[in-house]
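Me: I've got a structure open here and I'd like to talk through some of its side chains. Can you take a look with me?

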Amino acid sequence: QVQLVESGGGLVQPGGSLRLSCAASGSIFSINAMAWYRQAPGKQRELVAISSGGSTNYADSVKGRFTISRDNAKNTVYLQMNSLKPEDTAVYYCNVRQGSSWLKSGSWGQGTQVTVSS
């Protein structure tokens, strides 16, 4: 099994920044993509950013503000979040793909809470 542990969330004022981290461990043989999702209360889960091969993609709502990066040696993915807005408030989760399979959401970590409020 693969374990995912997210960290780095917190309370930040609008316009502020946070850097999230997610470390994968366990039965890892070859992670070829990593992603961040978020879920706000009462809303559907949203794909925020994905890093696959040498490319990255972002949800329109975070383009230009968030940056996903990876440390493959550490099996860790980061999400640098700048110019945060109240609508970014959510629990953030990471996911990884090995071969052609992403982890099912039931195997994800606990997530990390991000609250943007003055």
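Me: Let's start with Glu46: which side chain does Glu46 meet in a salt bridge?
Reply: Keep in mind that this is a predicted model. The N to O distance in this salt bridge is 2.8 Å, and the partner of Glu46 is Arg38.

Me: And is Arg38 buried or exposed?
Reply: The cut-off for buried is under 20% relative accessible area. Arg38 comes out at 6%, so Arg38 counts as buried. Glu46, at 27%, counts as partly exposed. For Arg38, then, the answer is buried.

Me: How many residues apart in sequence are the parts that Asp88 and Arg38 tie together?
Reply: Asp88 forms a salt bridge with Arg38, with the closest N and O atoms 2.9 Å apart. Asp88 lies in the loop between strand S8 (76–81) and S9, while Arg38 is in strand S4 (residues 31–39), so the pair ties together parts separated in sequence by 50 residues.

Me: What is the relative accessible area of Asp88, and which residues are joined with Asp88 into one network?
Reply: Asp88 is buried, at 0%. Salt bridges with shared partners make one network out of Asp88, Arg38, Glu46 and Arg65.

Me: Over to Gln98: which residue's backbone nitrogen does the Gln98 side chain reach?
Reply: Gln98 sits in strand S9 (residues 90–98) and counts as buried at 11% relative accessibility. Leaving aside neighbours within four places in sequence, its contacts include Val2, Phe29 and Asn32. At 3.0 Å, the side chain of Gln98 reaches the backbone nitrogen of Ser30.

How values were computed:
Residues numbered from 1 in each chain as written. Predicted model: local features only at pLDDT ≥ 70, side-chain atom pairs only at ≥ 80, totals over all residues. Heavy atoms only, no water. Helix = DSSP H or I, 4+ residues; strand = E, 2+ residues; numbered from the N terminus. Buried < 20%, exposed > 50% of the residue type's maximum accessible area, 1.4 Å probe, protein only. Polar contact = N/O pair within 3.5 Å; in protein donor to acceptor, adjacent residues only side chain to side chain. Contact = heavy atoms within 4.5 Å. Salt bridge = Lys/Arg side-chain N within 4 Å of Asp/Glu carboxyl O.
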